[in-house]
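Hi,

Here is the structure I promised to send over. Have a look at it first, and my notes follow below.

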Amino acid sequence: MPLFKRKPFPLAEPPEDVKSNEQVFQIRFTKEIFRDYQEYLERINLYRQRVWICKVSGKTNLTYEEALVSERRATEKVQHFPKELIGPVLRMVQFKTLRVKELVSKISNSIKDFYLVGEEVTGRKKDSIIPCKILKVIQEVDDEDGTFKYEVGWLDKNKKVTDTSIENAEALIRKKPLVTQDVLKSFIRESTLSNTPWVIHDELARKYRISTDPPEDLKDKIVKQEKQHNQPNDVNKSAAQNLENGDPKSKKRKTKETEELEEAPKPKKKKEKVEEQPKVEPIKYPIEDSLVQPGPDDPVFTERPCEATDFLTPMDCVGDILMVWDFCTSFGKALHLWPFSLEDFEKAIEYTEGDVTLLAETHYALLRIVAKDSSAYQDLIQKRKSKLSIQNWQDHLCYFLEAEEVGKLLAHLETIKSGVYSELDPRAKLDILHELVNRAITSDVIRGQLDEYIEERHALAATKREEQIEESRRKKEHLKQLNGQSKDDPDENATKEIGDNDAAMDASDTEVQKCAPGENGLVSDDAVREGSNENGVKDISEIHYENGDGNHSQTTLRQAALKQKLDVKAAEEREKEMARTEEQKKMQEKRKAKAEIIKEQKLWEQRALEIQKRQEQLDREIEKRFIRTNSLGTDKAYNRYWFFRREGRLFVEKQDSTWWGYYSAKEELDALIGSLNLKGERERALQRQLEKHYLKISTAMQRRSKDIAQKFAIEEAALRRSTRVRSQPKAAATGFLAYVNKNRG
């Protein structure tokens, strides 16, 4: 029984009064039965968590079912434990206080030189290693010493005993240990009750006459463990004995408790204590599809469309015809066979009015491949002195069936020899083609083609991966460069700085205007004294001393102040103009840098588009190297979904492969995707595959619909033209009758 938190986990008891026709839910590996589906789902979800421990081997981080398998395997290994070692090993285990790893290591070292009767080993004899067999174990000393001698028989090449001798264990060599440490660990866990200290089962102790009396230093510990283990039973027994014997303390305690219960109000009847169960986490999707139940958070699912079944061949032939057609079209290059449509192949199989070129070319191509690896067929055609050609393929088909003795197909030999192959039943034709394809798959030609494709696919995948890594590195460097430029020279900050500078210039103009508030144009003394000498303008006091006349008129002072004001204003204008020029230069440089960044960004986008096209081209090249066709996945009912590269339909195969259908419209594909439940494991995987190949499948469906519409339009036009003409020339062969193999070597 697997352990939960290192303790045994009890199974749920079966419900009572289960009727024979009642629907219940049973867990496969525990046989537990539940009436409530939610309880069943919670329990199976708990069993699927990796919280269980194998009781025998001690392995952790397992699911419940994995722990059961581990216990079964460990128990099977323990069953093969050598009987001669059971007693000695149990004696070494009893009442030991070592950890399991240390105990296993110690016992393993003790028994490594112990040999069993009948065991074949090698021994040293006259400075050489010779195989020998243990005939008898001779005990020289007491068991406590543990040393033995062995009577061995020396073996020759035929495993026969040629001589005997008595050897020590040191002279014998064993290639593999008698018991591995894992098996020894499992045996110890299976044979013991507790591990602190190790105590073996009483039955084993009695059987192998092992003492059950613990040492003095361990008695207290073992007694304490036994008391803890049996505490509830001991307490109940002692209480019952006290009541029977009339213990006054117990009577007093009983009287006191009875009085308290009588005085206290009667409590409501409590429910029986339910056994504590581990906390169950919420369901983590996806889960097994059959366990998914409708929930309030489910999206609105579309109704799954019905599959079309209008195949030209019988339903039991659809699987074989798809397999043969897919092989012939996929390996057409190796077969030297021009591709043909599935519809033409179906019509050719059903055609009974004469020989069909399409089937003749197919049989001829397959026979050429199969003949190279069939020695019986080669011998037969050498005797008949006949060479395979497109004209005599039916004769060589008979040679092949006779040489290989294909039992179920020999019944059709007479019909084929009479030259009326077309009159065979479609099932018989497909059986012959199926046999030829199975032989061709194992031929050297197809195997060589597959090896070549595999190498090319690996090379293309490596090229694609290297290009992706290189492009990722370049993108990171480009983004790092762009981030550095944006931090050093952001456009928004530049625009803001220009606006601030313009505002500052306007403010300075306003201050200059405030410097001359008088109506008559006089400048105040403070304004005159504040004139800047930095601009190269002399203040009024300097003008006064240069003229040497202390009594200048008011007009002269006014003119000097006005001149000084004009000079200051002119200097400020020059500074503003220089600042504007600098800002304009900076803005032009920023615009130029921004234009370069935009240009570089466009180049990067163009490069990314080219790389994307390159990646798509590599994907197409990988797809051309066909290896095999796999199904896209399965739905809840285990129906398989198939898409073939050269066919614009999505095929559906039932679980038992006895029924086939298909979807041929993009709307049906959309409805199918919308009907899948993502909570189920299979349907989620199927939806991912359908979405991954959605563009390819939908494009193929639309192309097929367009081709069918165009074909109908041509046939309708030909029909209308025939009604206007009295006599029509003989119609040319079309469709499968007009097939020409352009790849024949």
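Is Lys-125 buried, partly exposed or exposed? Lys-125 has 22% relative accessibility, so it counts as partly exposed (buried is under 20% relative accessible area, exposed is over 50%, and partly exposed is in between, with a 1.4 Å probe and protein chains only).

Before the rest, a word on the source: this is a predicted model, where local features need pLDDT of at least 70, side-chain atom pairs count only at pLDDT 80 or more, and totals for chains, interfaces and linings use all residues. Residues are numbered from 1 along each chain as its sequence is written, and side-chain values use heavy atoms, with hydrogens and water left out.

Back to Lys-125: you'll find it in the loop between β6 (120-124) and β7 (129-139). Helices here are DSSP runs of H or I with at least four residues, strands are runs of E with at least two, and both are numbered from the N terminus. Setting aside neighbours within four places in sequence, Lys-125 is in contact with Ile-130, Trp-154 and Asp-163 (contact means heavy atoms within 4.5 Å). Glu-167 is 42 residues from Lys-125 in sequence, and their C-alpha atoms are 9.8 Å apart.

Now the whole protein. It has 25 helices and 16 strands, and 33% of its 745 residues count as buried. Among contacts with a separation of 6 or more, 61% are between residues 24 or more positions apart.

In α12 (residues 342-350), the buried residues are Leu-342, Asp-344, Phe-345, Glu-346, Ala-348 and Ile-349. They pack against α10 (318-330), α13 (357-371), α17 (426-441) and β15 (650-653). Gln-687 counts as buried because its relative accessible area is 11%. Beyond its neighbours within four places in sequence, Gln-687 is in contact with Ile-673, Leu-676 and Leu-678.

Arg-73 has 53% relative accessibility, so it counts as exposed.

Let me know what you make of it.

Cheers
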